[in-house]
Amino acid sequence: REAFGDKGVVWINEEDALTYGVRDGELVTVTSSTGSVERIARVTKLIKKGVTGIENGWWDKFGPLSSSTVGAELPDPMGCGHTHNNTLVKITKGGLK
């Protein structure tokens, strides 16, 4: 929170950001089949095109809007913990409505 304020970040590939019209530092909504969260877009070439990166365990100040809200919660076959590397998401400009 010290680095990003009350919102976590979602990392987005530069090409994907262009496709979605998203700029670095802009508020976006990350939505999956299980829910939505607000994040600050971090546009970078360091993440693969077609992939987003979101931290685990971030809890917003008001309400349970952690990355678990958008996770598919399919357990990892080896460690039986939840993973988020199998969740399809949609990125839209602006916050939750």
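Asp 16 is buried, at a relative accessible area of 10%; buried means under 20%, exposed over 50%, and partly exposed in between, with a 1.4 Å probe and protein chains only. This is a predicted model, where local features need pLDDT of at least 70, side-chain atom pairs count only at pLDDT 80 or more, and totals for chains, interfaces and linings use all residues. Residues are numbered from 1 along each chain as its sequence is written, and side-chain values use heavy atoms, leaving out hydrogens and water.

What does Asp 16 pair with in a salt bridge? The partner is Lys 49, with the closest N and O atoms 3.9 Å apart. By salt bridge I mean a side-chain nitrogen of Lys or Arg within 4 Å of a carboxyl oxygen of Asp or Glu. Asp 16 sits in helix α1 (residues 14–20) and Lys 49 in the loop between β3 (35–44) and β4 (52–54), so the pair ties together parts 33 residues apart in sequence. Helices (H or I, at least four residues) and strands (E, at least two) are DSSP runs, numbered from the N terminus. Lys 49 is partly exposed, at 47%.

The structure holds 3 salt bridges. Another joins Arg 42 to Asp 24, again with closest N and O atoms 3.9 Å apart. Arg 42 is in strand β3 and Asp 24 in the loop between α1 and β2 (27–32), so this pair ties parts 18 residues apart in sequence.

Then there is Lys 93 with Glu 26, at 3.7 Å, N to O. Lys 93 lies in strand β5 (residues 90–93) and Glu 26 in the loop between α1 and β2, 67 residues apart. Glu 26 counts as buried at 18% relative accessibility, whereas Lys 93 is partly exposed at 42%.
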